[in-house]
Amino acid sequence: MVTLKDVAKAAGVSCSTVSAVLGNRAEKLGIKPETRKLVQRTAARMRYRRNAIAAQMKSGQANTLAMILPEGGTPEFVMRAATAATVEAEKHGCFMKIIAANGKEDFITRLDSVLSQCPAALLHWGKAGERGDYLMSAARECGVPVVFLDFSETIGSGSVRTDDRAGIAQAVEHLCALGHRRIAHVTTFKGERFGDERAEAFLAEMAKRSLPVKTEWIYRDECFRSGGPLVPFLERLFSEQDRPTAVSCGNDLIALRVMTALERQGIRIPEEVSVIGYSDLSFGVACEPELTTIHQPFDRMGETAVKLALDGGEREVLLPTELVVRGSTASPC
């Protein structure tokens with residue numbers, strides 16, 4: 001088995017130099033770029049594999065992070081954040097361990113296993129729900145910082161999420177600039193953080209522009225279940241003579257359901273009604289028409305969460321959103 005000493009001898013440098021280069025500490029220690037390349041080429045040619053566990057034991061510094069995924073599958077936006085977080089962790093000489101658990105007991109078992117390895121920090125996507133109390137108490141007991149992504153209500157933790165109020169403001173501003181004044185808002189149940197905050201922001205933005213909002217034009221209920229109450233709501237809403245000319249949606253999945261339901265009613269998008277989403281998921285460019293939406297930087301969310309976790313900071317970071325204009329919005333007829 002090739003050792004660090006073998007690589008150092010072949011490259012003609014010290015063992016400490018090899019250790020610094022392969023441990024991603026070369027730039028911090030001022031090691032020249034040409035020396036880094038020499039060490040990296042030599043290690044690759046000799047097929048050297050760094051023993052990360054031994055390195056952690058020797059340095060006494062934790063080099064593992066763990067990211068806890070939500071229950072019930074892993075959506076695209078979570079995977080984008082997790083992938084970016086993994087890449088960012090590697091830049092800091094750390095490894096990312098993924099925890100995907102179903103049920104509280106399974107979660108406790110997996111979390112205890114990770115904490116026994118003394119991780120540098122824990123990342124958690126979204127609201128922890130019933131497992132939150134155990135997560136925070138176990139993390140505090142072990143002295144491990146916790147950073148939440150897309151959620152920010154847990155005391156004693158850090159958080160990284162997008163500025164949803166500013167994002168909804170961008171959506172409303174875009175629709176108003178096109179000439180829309182009668183705008184509906186469709187999102188999920190009350191109690192869901194993104195649904196609550198985005199609905200409140202929508203009402204605030206409409207009020208700021210002195211635009212009327214009818215109570216019956218705001219939908220807060222199940223949006224994803226086939227055959228659920230969303231379809232009857234849209235049928236009633238668009239059977240009115242004085243109906244909305246645009247619909248602001250709480251996320252892209254909701255926007256897709258709205259577009260599908262409206263098209264089945266024979267309502268053309270964007271000729272008869274504009275639809276704007278929120279998230280900028282990949283299927284938005286596969287729709288017909290392509291979906292106008294508010295871009296959330298999920299990659300940057302993952303990267304920022306790692307930096308915040310390694311910094312140990314208990315603070316909230318709000319990332320900016322961006323309007324992405326495609327074919328589902330246009331001026332009203």
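Where is the place of Thr245? Thr245 sits in the loop between helix 10 (230–237) and strand 8 (246–249). The model is predicted: local features need pLDDT of at least 70, side-chain atom pairs count only at pLDDT 80 or more, and totals for chains, interfaces and linings use all residues. Numbering runs from 1 along each chain as its sequence is written, and side-chain values use heavy atoms, leaving out hydrogens and water.

**View 1. Surroundings of Thr245.** Thr245 is buried at 14% relative accessibility (buried: under 20% relative accessible area, 1.4 Å probe, protein chains only). Its side chain makes a polar contact with the side chain of His180 at 2.7 Å (N or O atoms within 3.5 Å, one able to donate a hydrogen and the other to accept it). Not counting residues up to four places away in sequence, Thr245 touches residues including Arg181, Glu272 and Pro332 (contact: heavy atoms within 4.5 Å).

**View 2. Helix 10 against helix 11.** Helix 10 and helix 11 (residues 252–264) pack at about 55 degrees, with axes 10 Å apart. Leu230, Val231 and Leu234 in helix 10 meet Arg257, Val258, Ala261 and Leu262 in helix 11.

**View 3. Thr42 in helix 3.** Thr42 lies in helix 3 (residues 33–45). Thr42 is buried, with a relative accessible area of 3%. Not counting residues up to four places away in sequence, Thr42 touches Val7, Ala10 and Ala11.

**View 4. Confidence.** The protein chain averages a pLDDT of 88, and 94% of the residues score at least 70 (pLDDT: the predictor's confidence in each residue, from 0 to 100). Over residues 56–60 the pLDDT is below 50.

Terms used
Helix = DSSP H or I, 4+ residues; strand = E, 2+ residues; numbered from the N terminus. Buried < 20%, exposed > 50% of the residue type's maximum accessible area, 1.4 Å probe, protein only. Axes fitted to C-alpha atoms, helices over the stretch in contact; angles between N-to-C directions.
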